[in-house]
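Thanks for coming. I have one model to go through today, so please look at the screen and keep the sequence beside it.

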Amino acid sequence: MTSPRSGTRHLDMQTVLDHLEDKLDAGARRAAEEHLGRPCSSCRERVREMGALLETMRLDTTGEVPAWLHQRALDVFHPRAQVSPARRLLESLAELVFDSLSQPLPMAARRSIGEARRLRFQADTLVIDLELERESTSSVTLRGWLQAPDPALWRIQVQAAGEERNAHPDSSGAFLLEAVPASELQIHLIGPHGSYRLPSVTP
Ligand SMILES: [Zn+2]
């Protein structure tokens with residue numbers, strides 16, 4: 001395999017897998033950890049995604065990678081199809097597909113990305129990952145990553161305790177809201193072709 005030569009290189013899929021399975025040599029591991037220490041949300045997401053997939057595979061007693069899971073792994077690294085025009089202007093309910101409270105990540109992934117609660121929602125071809133971290137008894141930080149064809153065209157609207165907050169993802173899909181009230185969160189994704197409501201989340 002090819003190893004990143006310095007901490008500035010993005011981690012390719014093979015490196016992420018080898019990292020999670022503790023198969024990197026010392027130099028490659030140092031480079032990977034150095035890169036993951038940088039504010040590179042896309043590589044952190046790769047580690048998170050592959051960690052969740054590995055855990056699912058490990059728990060799968062057949063020992064085979066199910067076709068849907070294999071496709072999902074590939075989808076992470078390829079652009080997704082456009083939202084169907086029939087979906088435009090409709091509001092749909094996104095589906096919770098991962099919650100770290102019920103599906104803990106393997107140790108290597110926890111080492112890399114800490115102990116925040118992570119959730120993944122899916123709606124049509126969109127995927128949104130959320131990371132909830134307590135700031136205090138009354139507030140949380142909400143980090144997220146939207147996988148959509150043009151993430152910067154979307155708005156993430158969060159309503160909590162009578163307050164409304166809005167975040168605009170950058171071109172990689174990453175967004176951040178700090179000092180969000182630690183009460184039930186109502187989250188909407190508002191995009192160019194429609195909007196989606198997430199099931200409410202209680203931090
Ligand atoms: Zn990176």
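Which residues have the most contacts inside the largest nonpolar core? They are I128, I156 and V158, in a core of 30 residues. By nonpolar core I mean a set of buried Ala, Val, Leu, Ile, Met, Phe, Trp, Tyr and Cys residues joined through C-beta atoms within 7 Å. Buried means that 20 or more other C-beta atoms lie within 10 Å of the residue's own; exposed means 12 or fewer, partly exposed is in between, and the C-beta atoms are placed from the backbone.

Before going on, two notes on the source. This is a predicted model, in which local features need pLDDT of at least 70 and side-chain atom pairs count only at pLDDT 80 or more, while totals for chains, interfaces and linings use all residues. Residues are numbered from 1 along each chain as its sequence is written.

At least two of its residues come from each of strand 3 (117-123), strand 4 (126-134), strand 5 (139-147), strand 6 (155-160), strand 8 (174-181) and strand 9 (186-191). The most come from strand 4, which gives five. Helices (H or I, at least four residues) and strands (E, at least two) are DSSP runs numbered from the N terminus. The protein has five helices and ten strands.

Now I128 itself. Leaving aside neighbours within four places in sequence, I128 is in contact with F121, G144, L146 and L189. Contact here means C-beta atoms, placed from the backbone, within 7 Å. Over the protein, among contacts between residues at least 6 apart in sequence, 56% join residues at least 24 apart. Buried residues account for 33% of the 203 residues.

Next, the sheet. In what order do its strands run? It is an open sheet of five strands, 2-3-4-5-8, with antiparallel pairing; two strands pair if DSSP finds at least two bridges between them. Strand 2 (95-99) and strand 8 are at the edges with a single partner strand each, so one side of each has no neighbour in the sheet. From one strand to the next the twist averages 25°, taken between axes fitted to C-alpha atoms, with angles from 0 to 180 degrees between N-to-C directions.

Going across the sheet, strands 2 and 3 pair over four bridges, and E95 has Q122 in strand 3 as its bridge partner. Strand 3 is joined to strand 4 by seven bridges, with R118 opposite E131. These two strands form a hairpin with two residues between them, and D124 in the turn has a positive phi of about 50°. Strand 3 is largely enclosed by the rest of the structure, because five of its seven residues are buried. At the other end, six bridges join strand 5 to strand 8, and S139 stands opposite P181.

Now to the helices. In helix 2 (residues 26-36), A31, A32 and H35 are buried. Seen down the helix axis, the buried residues fall within an arc of 95°, so they line one face; the arc is that of the directions from the axis to the C-beta atoms.

Last, two backbone details. D22, in the loop between helix 1 (13-20) and helix 2, has a positive phi near 55° and is exposed, with 10 other C-beta atoms within 10 Å. A161, in the loop between strand 6 and strand 7 (163-167), has a positive phi near 50° and counts as exposed, with 12 C-beta neighbours inside 10 Å.

Conventions
Two residues are in contact if their C-beta atoms, placed from the backbone, lie within 7 Å.
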